[in-house]
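Hi there,

Here is the structure I promised to pass on. Have a look at it first, and then read on for what turned up.

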Amino acid sequence: MKRWVLVLTERGSDREGKRRRIAALLVVLGGLIGSLGVGSVLASDPIGYGVPIWPFADTADRAEHALLSSVVPAVRSGSPLDHAGVEVLRRTSAYGSVFWTLKMQVDGETRCRELAVGLNVTSRRVDC
């Protein structure tokens with residue numbers, strides 16, 4: 001004789017679904033906070049970090065990047081700069097690189113930047 005047993009199971013609480021939603025929320029918040037942190041660092045010196053694009057760089061930053069792009073060939077060759085709006089404040093050699101400190105007039109602002117010319121040309125903002 002066959003007996004049929006009907007087993008009713010109650011679905012457990014939705015703890016696993018809640019855990020997944022909380023984990024997804026934490027991942028999204030972590031990504032957002034990380035993006036804001038990286039964005040604020042890039043916005044502090046977009047030319048030095050190589051991202052002279054909008055949302056990080058403003059109009060003056062893009063103009064400064066264009067000016068530096070026209071000055072870099074002369075800096076690489078070591079020839080004197082005769083570019084309007086650019087003044088060489090200091091030129092030093094150390095550690096196999098040549099460091100140029102430039103004072104530039106960009107969009108009505110005065111900005112100073114130190115260029116390190118070695119295998120690559122890198123730069124950073126400095127006080128005038």
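Please keep in mind that this is a predicted model.

Let me begin at helix α1, which spans residues 15-44 and contains L25. L25 belongs to a nonpolar surface patch together with I22, L26, L29, L32, I33 and L36, and the patch has about 720 Å² of accessible area in total.

Now to the inside. The largest nonpolar core has 14 residues, and V75, L81, V86, W100, L102 and M104 are those with the most contacts inside it. At least two core residues come from each of α2 (59-77), β2 (97-106) and β3 (109-117). Helix α2 gives the largest share, five residues. Beyond its neighbours within four places in sequence, M104 has contacts that include L67, L68, V86, E64 and R113.

The charged pairs may interest you too. Seven salt bridges were found in the whole structure. In one of them, the closest N and O atoms of D61 and R111 are 2.5 Å apart. D61 sits in helix α2 and R111 in strand β3, so this pair links parts 50 residues apart in sequence. D61 and R111 are both buried. D61 also forms a salt bridge with R125, with a closest N to O distance of 2.8 Å. R125 is in strand β4, so here the parts tied together are 64 residues apart in sequence.

E64 and R113 form another salt bridge, also with 2.8 Å between the closest N and O atoms, and both residues are buried. Shared partners join D45, D61, E64, E109, R111, R113 and R125 into one salt-bridge network.

Best wishes

Methods: Residues are numbered from 1 along each chain as its sequence is written. This is a predicted model: local features need pLDDT of at least 70, side-chain atom pairs count only at pLDDT 80 or more; totals for chains, interfaces and linings use all residues. Side-chain values use heavy atoms; hydrogens and water are left out. A nonpolar core is a set of buried Ala, Val, Leu, Ile, Met, Phe, Trp, Tyr and Cys residues joined through side-chain atoms within 4.5 Å. Buried means under 20% relative accessible area, exposed over 50%, partly exposed in between (1.4 Å probe, protein chains only). Helices (H or I, at least four residues) and strands (E, at least two) are DSSP runs, numbered from the N terminus. Contact means heavy atoms within 4.5 Å. Patches are made of residues with over 30% relative accessible area and no salt bridge: like charges are joined within 9 Å, nonpolar side chains (Val, Leu, Ile, Met, Phe, Trp, Tyr) within 5 Å. Accessible areas come from the Shrake-Rupley method with a 1.4 Å probe; for residues, only the protein chains shown count as cover. A salt bridge is a side-chain nitrogen of Lys or Arg within 4 Å of a carboxyl oxygen of Asp or Glu.
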